[in-house]
Amino acid sequence: MARKLMMMIVVAAVLLAGLSSAAAAELFRLERMVIATAVVDREPVGPAESFAADLDRVYAFIEAREIREDTTVSFVWFHHGVEVAAVPLILGQGPRWRTFSSINVRQRPGEWRVELRDQGNNTVQSAEFRVE
């Protein structure tokens, strides 16, 4: 009986997680996510998957479409699998919204990842890059 109850709880948790992801996906559509050396005039510049260790900053840029209501997203930065920063930003209701976050990578070589998370802390998309 206890085993059956545990299975039901696990199934319910999985279903609820799926629903929260689906509900968040309905708030906006992610058009693109780009890792770049800069953002100029609200557009990414120097997109790449590998960056020089003497570069000051790396930028994670997103473009969202069809934002149904004001919502918060977070850029969560990881270096060698360890979370080093989380930056919450607003997406305003409307047909299109562009925003970005950046992180200092100078003399911090290795594997990096940035996750875009919705207000329910669900990962919408992630991107990996390397600093050499």
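1. Read along the sequence, the chain runs α-β-β-β-β-β-β-β-β-β-β, that is, 1 helix and 10 strands. Helices (H or I, at least four residues) and strands (E, at least two) are DSSP runs, numbered from the N terminus. The model is predicted: local features need pLDDT of at least 70 and side-chain atom pairs count only at pLDDT 80 or more, while totals for chains, interfaces and linings use all residues. Residues are numbered from 1 along each chain as its sequence is written, and side-chain values use heavy atoms, with hydrogens and water left out.

2. Overall figures. Of the 132 residues of the chain, 35% count as buried; buried means under 20% relative accessible area, exposed over 50%, and partly exposed in between, with a 1.4 Å probe and protein chains only. Among contacts (heavy atoms within 4.5 Å) with a separation of 6 or more, 61% are between residues 24 or more positions apart.

3. Sheet order. An open sheet of 5 strands has the order E4-E10-E9-E6-E7, with mixed pairing. E4 and strand E7 (82-91) stand at the edges with a single partner strand each, so one side of each is left without a neighbour in the sheet. Two strands are taken to pair if DSSP finds at least two bridges between them. In general, strands of a sheet pair through backbone hydrogen bonds, either parallel or antiparallel.

4. Pairings of E10. Strand E4 (residues 50-51) runs parallel to strand E10 (residues 123-131) and is joined to it by 2 bridges; Phe51 has Val131 as its bridge partner in E10. On strand E9 (residues 110-117), the pairing with E10 is antiparallel and covers 8 bridges. Gly110 stands opposite Val131, and Arg117 stands opposite Thr123.

5. The E9-E10 hairpin. There are 5 residues between E9 and E10 in this hairpin, and Asn121 in the turn has a positive phi of about 70°.

6. A nonpolar core is a set of buried Ala, Val, Leu, Ile, Met, Phe, Trp, Tyr and Cys residues joined through side-chain atoms within 4.5 Å. The largest one has 24 residues, and those with the most contacts inside it are Phe28, Ile35, Ile62, Val114 and Phe129. Two or more residues each come from strand E1 (29-36), strand E5 (57-67), strand E6 (71-79), E9 and E10. E5 gives the most, with 5 residues. A second, separate core of 5 residues includes Val34, Ala36, Val39 and Tyr59.

7. Ile35. Not counting residues up to four places away in sequence, Ile35 touches Gly46, Pro47, Ala48, Phe51, Val58, Tyr59, Ala60, Val114, Ala127 and Phe129. Val114 and Phe129 are also named with Ile35 among the residues with the most contacts inside the largest core.

8. Aromatic pairs. Rings of Phe, Tyr and Trp (its six-membered ring) pair if their centres lie within 6.5 Å; planes under 30 degrees apart count as stacked, over 60 as edge-to-face and the rest as tilted. The count comes to 4 aromatic pairs. The rings of Trp112 and Phe129 have centres 5.9 Å apart and planes at 10°, so this pair is stacked. Trp112 lies in strand E9 and Phe129 in strand E10, so the pair ties together parts that are 17 residues apart in sequence. Trp112 is buried at a relative accessible area of 2%, and Phe129 is buried, also with 2%. Phe51, Trp77, Trp112 and Phe129 form one aromatic cluster.

9. Charge over a ring. This is assigned if NZ of Lys or CZ of Arg is within 6 Å of the ring centre and within 35 degrees of the ring normal. Arg113 lies over the face of Phe78, at 4.1 Å from the ring centre.

10. Thr71. This residue is found in strand E6 and counts as buried at 3% relative accessibility. The side chains of Thr71 and Gln119 are joined by a polar contact of 2.9 Å. A polar contact is a pair of N or O atoms within 3.5 Å; within protein, one must be able to donate a hydrogen and the other to accept it, and residues adjacent in sequence count only if both atoms are side-chain atoms. Leaving aside neighbours within four places in sequence, Thr71 is in contact with Leu27, Phe28, Leu89, Ile90, Leu91 and Gln119.

11. Leu55. Leu55 sits in the loop between E4 and E5 and is partly exposed at 23% relative accessibility. Beyond neighbours within four places in sequence, Leu55 is in contact with Thr37, Val105 and Arg106. Leu55 and Thr37 are 18 residues apart in sequence and 8.0 Å apart in space, C-alpha to C-alpha.
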